[in-house]
Amino acid sequence: MHPPDSLVLTLTCDGEVRSGAGAVLALRVGNPTAREARVALFASGGWAFEPVVRGAGGREVWRRGPGLLAGTADELVLEPGGHADFAAAWDLRDGEGRPVAPGEYRVSGRLLGEDGTPLGEAEAVHPLRVLP
């Protein structure tokens with residue numbers, strides 16, 4: 001296994017969504033090296049991707065709990081130049097289950113290793129506007 005810091009994480013999400021809809025948050029993990037990458041992940045089924053949504057002033061609004069329904073861990077195997085895609089849906093509700101207000105939010109995401117420690121965080125933080 002080569003060091004996880006050689007992985008490239010790219011986060012994407014919808015730019016604008018209407019209240020009552022949902023947003024798709026995606027993380028692409030790439031292997032830019034000439035060697036196969038093998039990384040033990042925290043959970044299976046894409047639950048090793050932990051997206052976080054923050055509102056005004058950086059206050060955390062929502063975080064998908066990693067591995068809550070995941071079961072056992074997975075090993076991510078990436079060929080040289082290969083990638084894997086992870087996705088999560090946010091229903092535009094806060095951590096307490098209440099609908100969020102229209103406004104500006106920031107989305108970040110990270111990949112969790114087998115012990116729950118972040119292997120990396122996507123460098124770009126994406127804006128997401130919730131419309132009325």
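Student: Let's start with Asp 94. Leaving aside neighbours within four places in sequence, which residues is Asp 94 in contact with?
Tutor: Val 61, Trp 62 and Val 100, once neighbours within four places in sequence are set aside. Keep in mind that this is a predicted model.

Student: Is Asp 94 buried or exposed?
Tutor: Buried. Its relative accessible area is 15%. Buried means under 20%, so Asp 94 counts as buried.

Student: OK, how confident is the prediction? What's the mean pLDDT of the chain?
Tutor: The mean is 88, and 90% of the residues reach 70 or more.

Student: Which elements have the lowest and highest mean pLDDT?
Tutor: Strand S10, residues 118-121, is lowest at 81. Strand S2, residues 16-18, is highest at 96.

Student: What does S2 pair with?
Tutor: Strand S11, residues 126-131. The two are parallel and share three bridges. Within that pairing, Glu 16 has Arg 129 in S11 as its bridge partner.

Student: And how do S9 and S11 pair?
Tutor: Antiparallel, over five bridges. There, Val 107 stands opposite His 126 of S11.

Student: New topic. What's the strand order in the three-stranded open sheet?
Tutor: S1-S3-S8, with antiparallel pairing. Strand S1 (8-13) and strand S8 (83-90) are the edges, each pairing on one side only. From one strand to the next, the twist averages 15°.

Student: How many bridges join S3 to S8?
Tutor: Eight. S3 spans residues 23-30, and the two strands run antiparallel. As one case, Ala 23 has Trp 90 in S8 as its bridge partner.

Student: Now the inside. How many residues are in the largest nonpolar core?
Tutor: It has 31. Those with the most contacts inside the core are Leu 25, Leu 27, Val 29, Leu 76, Phe 86, Trp 90 and Leu 111.

Student: Take Leu 25. What is Leu 25 in contact with, leaving aside its neighbours within four places in sequence?
Tutor: Quite a list. Among them are Phe 86, Ala 87, Ala 88 and Trp 90. The list also includes Thr 12, Cys 13, Phe 49, Pro 51 and Val 53. Trp 62, which touches Asp 94, is in contact with Leu 25 too.

How values were computed: Residues are numbered from 1 along each chain as its sequence is written. This is a predicted model: local features need pLDDT of at least 70, side-chain atom pairs count only at pLDDT 80 or more; totals for chains, interfaces and linings use all residues. Side-chain values use heavy atoms; hydrogens and water are left out. A nonpolar core is a set of buried Ala, Val, Leu, Ile, Met, Phe, Trp, Tyr and Cys residues joined through side-chain atoms within 4.5 Å. Buried means under 20% relative accessible area, exposed over 50%, partly exposed in between (1.4 Å probe, protein chains only). Contact means heavy atoms within 4.5 Å. Two strands pair if DSSP finds at least two bridges between them. Helices (H or I, at least four residues) and strands (E, at least two) are DSSP runs, numbered from the N terminus. Axes are lines fitted to C-alpha atoms, for helices over the stretch in contact, and angles run from 0 to 180 degrees between N-to-C directions. pLDDT is the predictor's confidence in each residue, from 0 to 100.
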